[in-house]
Every structure is written in structure tokens, then in C-alpha cells.
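Hi,

Here is the structure I promised to pass on. Have a look at it first, and then read my notes below.

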Amino acid sequence: MSVAHDNVQLAAPPATPRRRASLLERGLPALLGALGIVGALFAWQIFSEIGPVDPHFLPPPSDVLPQFFQNLGYADFWTATGYTLRAWLLGLVISTLGAIVLGVIIGSSDFLRQATHSTIEFLRPIPSVALIPLAALLYGPVLKAELLIVAFACFWIVLVQVLYGVADVDKVATDTAHTMHLSYLQRVRYLVFPTLLPYLVTGIRLAATVALILSIGVELIVGTPGLGQKVALAQINDATPSMYALILTSGVLGMLVNGLMGLLERRLLFWHASVRGGVKS
Amino acid sequence: MSERQDVRLSVSQVQKVYRRDGREFEAVRSLTFDLHEGEFACLVGPSGSGKTTLLKCIAGLMQPTSGTVVLDGKKVNGPAKGMAVVFQEYGRSLYPWLTVEGNIELPLKVAKLSKAERRARVDEALTSVGLENARKSYPWQLSGGMQQRVAIARAVATHPSVLLMDEPFAAVDAQTRADLEDLVRAVWKRHNMTILFVTHDIDESVYLAERVLVLSSSPTVVQDDLAIDLPAERDQLETRSMPRFTELRAHVYGQVQIAKTNKGGATSAQQTSTV
Amino acid sequence: MKLLKRFLYFVGLPALLIVLWWATSRNGTSFFVPKPGPLVHAFRTVWLGDGFHKDVVPSLTRLAAGLIISIALGIGLGVVIGSVDWVRWLLGPLLEFLRAVPSTILIPVLLLVIGINDAMKVTVIVLGCIWPVLLNTVKGVASIDEVQLSTGEVYGLRGLDRLRYLVLPAASPQIFAGIRQSLAVGLVLMVTSEMFAATEGIGYATINFQNQVAIPEMWSGIVLLGLIGVALSVLFQLVQRRVLGWYEGLKESANV
């Protein structure tokens, strides 16, 4: 594992700070970043007023932002957000659990790994949205339809990472575990799982983004309740500021998801790195 | 010090001050020395004596705070044509996406040499370092010592006025190191090059060079400038067992010991030693 | 012998699954699962006949256009943003936000602003696919090894030479990781935008079959989309193996 980790650094080492930044230099990026956001809002405002697009279709932020904050006071806005997040989370959890169990089983056996390889490689790139018609036909506009699509897509993403992780378990460590007479479950618990963890977290992080895209996609097309359905409704009702406000909301949601995953990754990988350091020394 | 006409590299009163968190740190105080055509000089000093900083200033990778570096009569502002560098980190200095041949050829391509000329120079450089058979390999397929030889070949192929080497053998094992030392001597003679070689290894500096410059601890000055009068043909066993080698080595060792406590300017006058 | 074994491993499970499908659907009890025969027939008549020009070609063209624009723009902007500190600081938070917007939600808006046409679908694909390429390029360019950079400086690599021989190859492992993510997202957006609002295309046709409850036809669309996904992935791996061969070798050599 440590070697695999080093390799990544060989070609792409983390940007080492050339020198320790002064207080001013540390504050500057944040300041510029804020300036970037404000500048973008300004550009949007001006483009909306004098640009080639009809301001009705592209309302300025001075119309959209109030709508965005108003939304926060509406119960049905929160209900819709809740529906989307519920589908997102359930889909992610179901697929992750399924992928861990199957991945560990398949990964621990050479025979299973080789026998399933071609099938997995074939099923993995299938765009899960292709199954939307089937989901709509089977379940109609309900949570189940959304879950089918989200879980199908996330399952493959996480499974592949789990398989990478299991394959990465150190051979010497496996032999050691055998000499210590650890049972299969003990080996999974103390050997496979810790090696697997960083891969798993990567998988979940990738899947989390895709899951959000898909939940909203299904809501748009099948009409399951959620933010996607609300946007589709706003479009039909020609309520453009409301539409843009919902898009801002989805962006904030996406940022939260990314932040959460980043946090999860940092915590778990920090733990992982410290354990590894301890074992090595 | 006599005025000679064939000065290749002239370093005068180079000073480097870093600013960190508003505080100043003087890494190099005042360095002055000339390097002449065909000279092989080693810079040796205790760790933390600003060797790498100095080398970066000379190579034009870093602007000195004051003072000048002149190469072939032209002031160095940024990496100069005619200067080649061999870095300590051979694994990172060679581009892993290019073959050995591609790595050596790249600076020549950039310099817009003709295809035939490039080909000739690559062949010549590969022969110099004895890697004719590895030209189509990738650097990561080679051992550390071989990788460093590729880096040397790349530098040699540019026909540099001055070749700078920054602790190039610090990361290879002892046997490979001895081989590489002899290789550098051979390349130096064959191409009649001017070399400035930075090392923290006293034995290496005496064995390799015709002249050793001992640096003080930082803020750095040149503490001692010593001519190495060993015979031109050097041999790992024979040369290293000569009494003269031992004397020179002892002298440099003594100077480095002084250097460890001697921070810039304690002996303000630059000393030119004869032992 | 070894080759035979590998072949058996390769076809074993897929063959088993197909036989299982054929056996279970033979009695025709399940309404939702088509039999192999009718499915193959539907596939041939729907997609290899008129549908090829009417639906398949437009879909693939839009996908290709969207992906090519995303990759070109993503790498181009990524190199600039990654090389200049202040540009990166200025745009960093904004890009993080834009990337976080789940791209499917933009479909209704673009429908409104651009209309039901090719430009809208290509725009959707670009707005979804550019971020992985862009952000990975930025990361790759900003984290190029310092010794590699110094070496380039010493040997006079400047301007386009620097880009071609140093920056792009050094960042290429990250760029490819970004492209890989983009391919998947691009296919999702192509299908979703066609299912949401279109007059032709594979996604449009497939959702139409669902509305008409034409089960084998609908399934044939699903299969076609799956095949396109697989083809895209194979193509990507071929290109990656060519371009990133050195990187694989580097990783392996470091593993020994």
C-alpha cells in the first residue's frame, strides 16, 4: 500500500509550498476567491440586462437571489429538498453496502474475480439513465424508481473501487494473518477492510456526485417528487426566477455533498495514514 | 590570484536574503569566485551552508538579492544558454514520459538544432556515459545510477560552457557512486568541460576536483580556496591511498570543521590555501 | 491451454446469464422481461433500419461534439488557471460552486433559453462534462514536480514547447482521470436531455417506446445505450493505454 501511495506522488507530487506563506499571502487567495464570486454575480447582472438573451429567460441575480432566500421560508421547498436528499442518501447507502459485500466476496477469490471480470466490465459503463423507462414502467413516479437508477449507477462505481482495494491487500500481511489463524471474518475485519477503506471512500465520493445528478435527472423525467420535479414545474409555469433560485439551491446542495465527502475522506484517510505510519516504524 | 583571460563563470559578491513572515534570513552573505575554462571545481560545505541556494542563483533559477553572476561575459538573469544542470533528484529531473533518447534530445530540439545534428549529439552523449544500448528505454526502467548517467548525458549533449552539478550522487549506493565519479572525470576530460560540482562529501570533492572551495555555514562565504594537485589520472584505490590525498583531505576536513562554527564573515578575508 | 482458460473465464458468466435469461423468459410469464428472440428482432428493426439515421446518428454526433468541446475547453482553461496563481485563487471558489451544480437540473433552463435543438443538448453536455476535465487539469498543472519545472527552465523550455513537452504530459494522468469521469456524465446527459425534451435521438425514442408500452423496443434502446457505454469505455482505454503507457510503466516499476 505504501508503495502504491508513493507512486502517485512520483508523477504528481502534492504541491509542496515553496516557502511558508505570510499572513498576507494566506489571506490573499480567500480575498480573491470572494472577489471572483462577487465579480461573477456582477457579470451575470450586466449580461442579463444588456446581453443578447431575453431577461425573461435569464433574470438577473437581483431577481433570483431574493427568490432564493424566500424559498428558505417555504415548507414545500424543504420537502422537495428532503425528497431529493432522501433518494440520494438511500441510493448511496444501498449501493455502498451491496458493493462492499459483493466486492469483498468476489475480491477474496481468484476464481470469482476472473469469472466476473468480463461481466463487470460490460455492465459498469452502461448509463443507468438508460433504465429510466424501465423504472418508470415498473414503479411510476415514486421513490423506488429513483432508487433503482441511483443505486444501479453507484453500485458499479463503488464495487470497482472495492475490488481495487481488496486486490491491494498486502500478500505478506495475508500470509501473516494465516499464520495467526485468523478466521475469514477476522481477516476481513482486521486486514482487508483497513486496506480497502481509502478506495472505498474514493468510490463513495465519486458516487455521491453521480447520485445527485441522477436523482434530479429521474425527478425531471419521471416526475418523482423532489428538486428536479420542482424545476420542471417552474419551467412549465414560466417562473424563471424561481427556476434559477432552485438551481442555486442545487449548487449549494452539491457543495454540501462535496464538502461532506471531503470531510469523510480527510478523516478516514488521516486515520489510515497514521495507522500505516505506526505499523511501518 | 592572477588575472586570467579565460574566465568562464564569474560569481561576484552574490548575496541571497529570504523574507519569511516579515523576517529576514540571510542564506548567502557574499560569495566571490571565478571559474576558468576547463576547470573542475568542487563546492563543499557543511549541510545547511546554502549550497543549493547558491547553485540555484548561479543557474539563474533564483535571483540573488545582490551581486552578479556572469557567464561568458554575459550577466545571468534567469536560466542562461550555455549552462547545464544535473540535479540530485535524477528520478524527478528526467521526464518519465520520454525515452532516454527523448530526454537527451529535448533541450536540443528546443534549441532548434537540425535533426542530423541532434542525432549526432545524442549518439555522442550516450557513448560518453556508456548507455548506447538504453536509448529506447524509459528512465524508470533503469537503475538509479543509470538514470543519473542519462541526466549527465543530457547535460553533456547541450555542449555547455559550464556544467553545474548539485550533489548528483547523494542518492545512489557507494559502488555506483564510485563508478559515476570516474565517469564524470572521464566525461570532463573527453569534452574539455568546465564543471562546478556541489557536494557535502569531503572525500568526493578531493577525489574529483582540481580545485576545492570550502563554504562556511550560512550566511555563507567562501572560507577556503584550495588547489588539488593530485595527478590527472585518478583511480579509486590508488589515488585515495596516496599520502597527498590524505593530506588534502585532512586540510579540507579541518576547514569544514571550522566552517561549522564559522558563520559568514568571521574571517572576512577569503583565504587561498596551499597545503 | 492458458488462452483457453482465459477465454472460458471471459465468456463463462455472460453465457450462463444469457442461458438463464432465455430459460426463465421462455414461458413468457413476465410482462416486463422480453424474450431474447423478439429483443434481437426489435433491436434490428428499430436501430439498424430508419432509426439509425433518425436517432442514432444525431445522438452520437451531439455526444461527440459535447465531449470534444468539453475536453478541449477543459484542458485549455485548466492549463491557464492551473499555471497562474492569482487566476486560480480568483476563480477557485466560483468553479467549485459551478462544478457542484448537478448538471441535469440545467436541462429545463437551457430548454427555455436555447430551445429544443442540438445546441441545447450540446450545451448541457458541455456544462456537465467540462468540470471534471477542467478541475483535474488545474490540479495536475498546479502540482507539477518542482524538479521537472526547474529542469525545463534550465534547458530553455518556454511557451509552446513547455506546454507540449512538460506541462501537458506531466498533467496527463490527472487529465485522463477527468476525461474518464466526463465520458460517463456525458452519456447520462445525452440520454436525459433527449428523454426530457427532444424530437429525435436514442433517449427520445426509448422513452417513447415506454409510453407506448412497447416492451421489446424499449429494452432494445436500453441495450443500445449500454453498448454505446461499453464502446466508449473501450475506446477510452485504448487511447489511455497509448498516451499513458509511460505512466503505467512508471507505477509498476515503483511497485517492484
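**What I found**

E194(C) is buried, and R62(C) is buried as well. Before I go on, please keep in mind that this is a predicted model. The side chains of E194(C) and R62(C) meet in a salt bridge, at 2.7 Å from N to O. That pair links distant parts of the chain, with E194(C) in helix α8 of chain C and R62(C) in helix α3 (residues 50–83) of chain C, 132 residues apart.

**Other salt bridges**

Over all chains, the count comes to 34 salt bridges. A few are worth a look on your screen.

In chain B, the side chains of D123(B) and R135(B) form a salt bridge (2.8 Å, N to O). D123(B) belongs to helix α4 of chain B while R135(B) is in the loop between α4 and α5 (144–157), so the pair ties together parts that are twelve residues apart in sequence. How exposed are the two partners? D123(B) has a relative accessible area of 29%, so it counts as partly exposed. R135(B) has 16%, so it is buried, the cut-off being under 20%.

Back in chain C, R99(C) and E96(C) also pair through their side chains, in a salt bridge of 3.0 Å, N to O. Both sit in helix α4 (residues 85–100) of chain C, three residues apart, which is about one turn of the helix. R99(C) is partly exposed at 32% relative accessibility, and E96(C) is partly exposed at 33%.

Chain B also has a network of salt bridges, which links R177(B), E181(B), D201(B), D203(B), E204(B), R240(B) and R249(B).

**Where the chains meet**

Let me start with chains A and C. Here 65 residues of chain A are in contact with 61 residues of chain C. The area buried between the two chains is about 5600 Å², and carbon and sulfur atoms give 76% of that. How many salt bridges cross this interface? The rule finds zero. There are three residue pairs in polar contact across the interface of chain A and chain C, both residues at pLDDT 80 or more. On the chain A side, the helices that each supply at least two residues are α1 (2–11), α2 (23–50), α5 (110–123), α6 (132–139), α9, α10 and α11 (240–280). The largest share of that side, twelve residues, comes from α11(A).

Now for chains C and B. This contact takes 22 residues from chain C and 22 residues from chain B. About 2100 Å² is buried between them, with 66% from carbon and sulfur atoms. One salt bridge is counted between chain C and chain B. Its side chains belong to D145(C) and R92(B), at 2.5 Å from N to O. The rule also finds six residue pairs in polar contact across this interface, again with both residues at pLDDT 80 or more. On the chain C side, α7 (146–154), α8 (159–196) and α11 (245–255) each supply at least two residues. Of the chain C side that touches chain B, α7(C) gives the most, with eight residues.

**Nonpolar cores**

The largest nonpolar core has 136 residues, and L92(A), I132(A) and W47(C) touch the most other members. Helix α9 (residues 184–222) of chain A gives the largest share of this core, 18 residues. A second, separate core has 83 residues, including C57(B), A151(B), A153(B) and F169(B).

If you want to zoom in on I132(A), its contacts are I149(A), V218(A), I221(A), V222(A), M195(C) and I207(C), not counting residues up to four places away in sequence.

**Two more spots**

Which residues of helix α10 (residues 227–236) of chain A are buried? They are L227(A), G228(A), V231(A), A232(A), A234(A) and Q235(A). Seen down the axis of α10(A), the buried residues fall within an arc of 160°, so they line one face of the helix. Just after α10(A), D238(A) takes a positive phi of about 65°.

Finally, T127(B) is found in helix α4 (residues 115–129) of chain B. T127(B) counts as partly exposed, at 36% relative accessibility. Leaving out residues up to four places away in sequence, T127(B) touches E132(B) and R190(B).

Cheers

Technical notes
Residues are numbered from 1 along each chain as its sequence is written. Chains are lettered from A and ligands numbered from 1 in the order in which they are written. This is a predicted model: local features need pLDDT of at least 70, side-chain atom pairs count only at pLDDT 80 or more; totals for chains, interfaces and linings use all residues. Side-chain values use heavy atoms; hydrogens and water are left out. Helices (H or I, at least four residues) and strands (E, at least two) are DSSP runs, numbered from the N terminus. Buried means under 20% relative accessible area, exposed over 50%, partly exposed in between (1.4 Å probe, protein chains only). Contact means heavy atoms within 4.5 Å. The arc is that of the directions from the helix axis to the C-beta atoms. A nonpolar core is a set of buried Ala, Val, Leu, Ile, Met, Phe, Trp, Tyr and Cys residues joined through side-chain atoms within 4.5 Å. Buried area is the accessible area (1.4 Å probe) that two parts lose on being put together, summed over both. A salt bridge is a side-chain nitrogen of Lys or Arg within 4 Å of a carboxyl oxygen of Asp or Glu. A polar contact is a pair of N or O atoms within 3.5 Å; within protein, one must be able to donate a hydrogen and the other to accept it, and residues adjacent in sequence count only if both atoms are side-chain atoms.
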